[in-house]
Amino acid sequence: WLRWSGGVAGGSPHDSSTSHEQHGTADGRGRQQGKQRSPAHRANSPVRHARTAASMPKYDEGWEEKERDPPAPGERVKALRRQLRDEAIAGRSGPLEDTFGRRHNYLRISLTEKCNLRCLYCMPEEGIDLTAKEELLSTDEVVRVARLFVANGVDKIRLTGGEPTVRPDLEDIIRRLRALTGLRDIAITTNGLTLHRNLDALQAAGLTHVNISLDTLVPPKFELLTRRRGHDRVLKSIDRAVELGYDPVKVNVVLMRGVNDDELLDFVEMTREKPINVRFIEFMPFDGNKFEEKKVVSYCEAKERILEKYPSLTRMRDHRSEVAKNFKLDGHRGTVSFVTSMTDHFCGGGNRLRIMA
C-alpha cells in the first residue's frame with residue numbers, strides 16, 4: 001500500500017515496477033544499483049525515503065507551466081478514511097433518535113463567537129476570549145457536517161452565533177446548504193444590525209426563515225442594553241424581512257423586570273398590521289450577565305398582563321417539539337409566543353442538536 005500510494009505521488013503506479021534494464025540491478029535489500037536513481041524512483045521508494053514534489057529539487061526550470069503539487073501520501077490516506085467515514089454515516093438508515101426516544105431533525109450551527117453588540121444579559125462589556133480563526137470550522141467543514149446530519153434525517157438548519165452576519169462566507173454557506181437533498185428549511189438568528197444590507201442576497205441563496213433579536217422599542221434604551229447604536233437599523237431589517245415575504249418574521253424579546261417589561265403591550269401591538277411573531281423569552285442566567293431572579297417576568301404573569309388588554313388572546317395548537325407556547329389575537333396578522341425557559345421546562349419534546357464552529 002505504501003509503495004503504491006508513493007507511486008501516485010510521484011507519477012503512475014506502474015513506475016514502482018520499473019525494469020532492471022532501466023535502473024540497473026537490485027541488491028539483496030531491494031535497492032537499485034548501477035544507474036543513478038531518477039526523481040520518479042525516489043518518490044516511489046518506501047515512506048522513510050519518500051519526497052513529495054514540493055520538497056524535491058526543481059527540474060526543467062524553463063517550463064512556464066507547472067503541474068499542481070499532489071498531496072503527500074499521508075494526506076491522501078487521511079482523506080480516504082474521512083470519505084469512508086462520511087459514506088458510512090450517510091449510509092445509516094432511520095432518523096437520529098436519542099435514548100429518550102426523541103427524534104432530532106433540527107440542527108443549530110453556531111458559526112462564530114463574534115458579535116457586533118454587547119448586550120448586558122449576554123456578553124461582558126470587554127467581550128470574550130475568541131477562538132483562533134484557524135480553529136473554527138471552515139466553509140467546507142460546515143457544509144460537510146451539515147451534509148452528514150441531513151443524510152440522517154435533519155431537515156432544518158439554523159445558523160447562529162455570536163452574530164452570524166459578521167461571517168463573510170455566510171451567503172456561500174447558505175447557498176451550499178440549499179443544495180443538500182432533503183434539507184427543507186434554512187433559518188438564521190441575528191441581531192439585525194446589518195441584515196437589511198444583504199437580506200435580499202441571503203434570500204436568493206436559500207434563506208427561508210428569519211429570527212431577529214430586539215429587546216426594546218426605545219432607541220436610548222437600546223444603546224443602554226446593547227452598549228451600541230443601531231436601533232433604527234434593526235427596525236429596518238425587520239421591515240425589509242416583511243417586504244421580502246418572510247411570514248412570520250420572528251422577533252425575540254428577552255423580557256426583564258424593570259428594564260423592558262413596561263413595553264410588553266407595545267411589542268404585542270407590533271403584530272397587528274404585520275406578519276410578526278413576537279417571542280417573549282424569560283430572562284436566563286449566563287456567565288457574567290449579573291442574573292437576578294427578581295428580574296424574571298414569568299410566562300404566566302406576562303400572559304395575564306396581555307389578556308387584560310387583549311382578551312382574545314388564544315392558545316394555538318403546538319407541535320410536540322415546539323419550544324414556545326404560541327397564541328393568536330383577533331384582528332392581528334401576527335402572533336405572540338412565550339419561551340418558558342425558567343418556569344416551565346420543555347426538554348421532553350426537544351428535537352434540536354447544537355454544534356459550535
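Q: What should I know about the model and the numbering?
A: This is a predicted model: local features need pLDDT of at least 70, side-chain atom pairs count only at pLDDT 80 or more, and totals for chains, interfaces and linings use all residues. Residues are numbered from 1 along each chain as its sequence is written, and side-chain values use heavy atoms, with hydrogens and water left out.

Q: OK. How many helices and strands does the chain have?
A: Eleven helices and twelve strands. These are DSSP runs (helices H or I, at least four residues; strands E, at least two), numbered from the N terminus.

Q: And what percentage of the residues is buried?
A: 42% of the 357 residues in the chain. Buried means under 20% relative accessible area, exposed over 50%, and partly exposed in between (1.4 Å probe, protein chains only).

Q: Switching to charges. How many salt bridges are there?
A: The count is 19. The rule is a side-chain nitrogen of Lys or Arg within 4 Å of a carboxyl oxygen of Asp or Glu.

Q: What does Glu-263 pair with?
A: Lys-221, with the closest N and O atoms 2.9 Å apart. Glu-263 sits in the loop between strand 7 (249-255) and helix 10 (264-269), and Lys-221 in helix 8 (residues 219-226), so the pair ties together parts 42 residues apart in sequence.

Q: Are those two buried or exposed?
A: Both Glu-263 and Lys-221 are buried.

Q: Now helix 6. Which residue there bridges to Arg-175?
A: Glu-171, at 2.7 Å from N to O. Both lie in helix 6 (residues 170-178), four residues apart, about one turn of the helix. Arg-175 is partly exposed, at 41% relative accessibility. Glu-171 is partly exposed too, at 31%.

Q: What about Glu-243, which partner does that one have?
A: Arg-240, with the closest N and O atoms 2.8 Å apart.

Q: Which residues form a salt-bridge network?
A: Arg-257, Asp-261, Glu-301 and Arg-305 are linked that way.
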